Amino acid sequence: MTQITFVAADGTRFDIAAANGSTAMENAVRYNVPGIEAECGGACACATCHVYVDEAWTAVVGEPEAMEEDMLDFAYDVRPTSRLSCQIKIRDELDGLVLQVPDRQA
């Protein structure tokens with residue numbers, strides 16, 4: 001299991017043991033992280049699982065692909081570290097990953 005942390009907009013931390021191969025969004029939904037709405041269920045067809053990747057993790061997480069970049073156009077308060085959590089696949093290299101949930105979703 002890979003440890004990831006979601007930080008809700010109010011500062012509450014959700015430390016989660018996530019299975020490799022799952023997505024950050026799936027784990028956020030499973031553990032009821034507030035602010036992750038995931039309306040499309042992980043199909044990269046909305047922007048309601050938008051998160052900010054902690055700057056220390058951006059290189060490890062990687063850059064969004066074209067389809068994700070297009071969907072981020074619909075997200076609220078997009079920043080250089082913005083990603084859709086449905087597109088972040090959990091793997092060993094992400095152990096300790098920190099994701100911040102925005103104040104609101106699109």
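# A walk through the model, from hairpin to charged surface

Start by selecting β1 and β2: these strands form a hairpin with five residues between them, and Gly11 in the turn has a positive phi of about 95°. The model is predicted, so local features need pLDDT of at least 70 and side-chain atom pairs count only at pLDDT 80 or more, while totals for chains, interfaces and linings use all residues. Residues are numbered from 1 along each chain as its sequence is written, and side-chain values use heavy atoms, leaving out hydrogens and water.

Colour residues 2–7 as β1 and residues 13–18 as β2; the two run antiparallel and are joined by six bridges. Strands here are DSSP E runs of at least two residues, helices are H or I runs of at least four, and both are numbered from the N terminus. Two strands pair if DSSP finds at least two bridges between them. For one example, pick Gln3, whose bridge partner in β2 is Ala17.

Next, show the loop between α1 (24–30) and β3 (50–53), where you will find Ala38. Its phi is near 50°, a positive value in a residue other than glycine. Is Ala38 buried or exposed? Ala38 is buried, with a relative accessible area of 12%. Buried means under 20% relative accessible area, exposed over 50%, and partly exposed in between, with a 1.4 Å probe and protein chains only. The areas themselves come from the Shrake-Rupley method. Stay in the loop between α1 and β3 and move to Cys44. This residue, also not a glycine, has a positive phi near 55°, and Cys44 counts as buried at 4% relative accessibility.

**Strand β3 and its neighbours.** Now display the side chains of β3. In a regular strand, side chains alternate between the two faces of the sheet. Here His50 and Tyr52 point one way, Val51 and Val53 point the other way, and all are buried.

**Salt bridges.** How many salt bridges does a search of the whole structure find? It finds three, each being a side-chain nitrogen of Lys or Arg within 4 Å of a carboxyl oxygen of Asp or Glu.

- Select Arg83 and Glu68: their closest N and O atoms are 2.7 Å apart. The pair links distant parts of the chain, with Arg83 in strand β4 and Glu68 in helix α3, 15 residues apart. Both Arg83 and Glu68 are buried.
- Select Arg79 and Asp77, whose side chains meet at 2.8 Å, N to O. Arg79 is partly exposed at 42%, and Asp77 is partly exposed at 36%.
- Select Arg91 and Glu93, with 3.5 Å between the closest N and O atoms. Arg91 counts as partly exposed at 30% relative accessibility.

**The negative patch.** For the last stop, select Glu63, Glu69, Asp70 and Asp73, which form a negative surface patch. Such a patch takes residues with over 30% relative accessible area and no salt bridge, joining like charges within 9 Å. Asp and Glu count as negative, with the charge placed at CG of Asp or CD of Glu. Finish on Glu69, in helix α3 (residues 66–72): this residue is partly exposed, with a relative accessible area of 44%.

Note on methods: Patches are made of residues with over 30% relative accessible area and no salt bridge: like charges are joined within 9 Å, nonpolar side chains (Val, Leu, Ile, Met, Phe, Trp, Tyr) within 5 Å. Accessible areas come from the Shrake-Rupley method with a 1.4 Å probe; for residues, only the protein chains shown count as cover.
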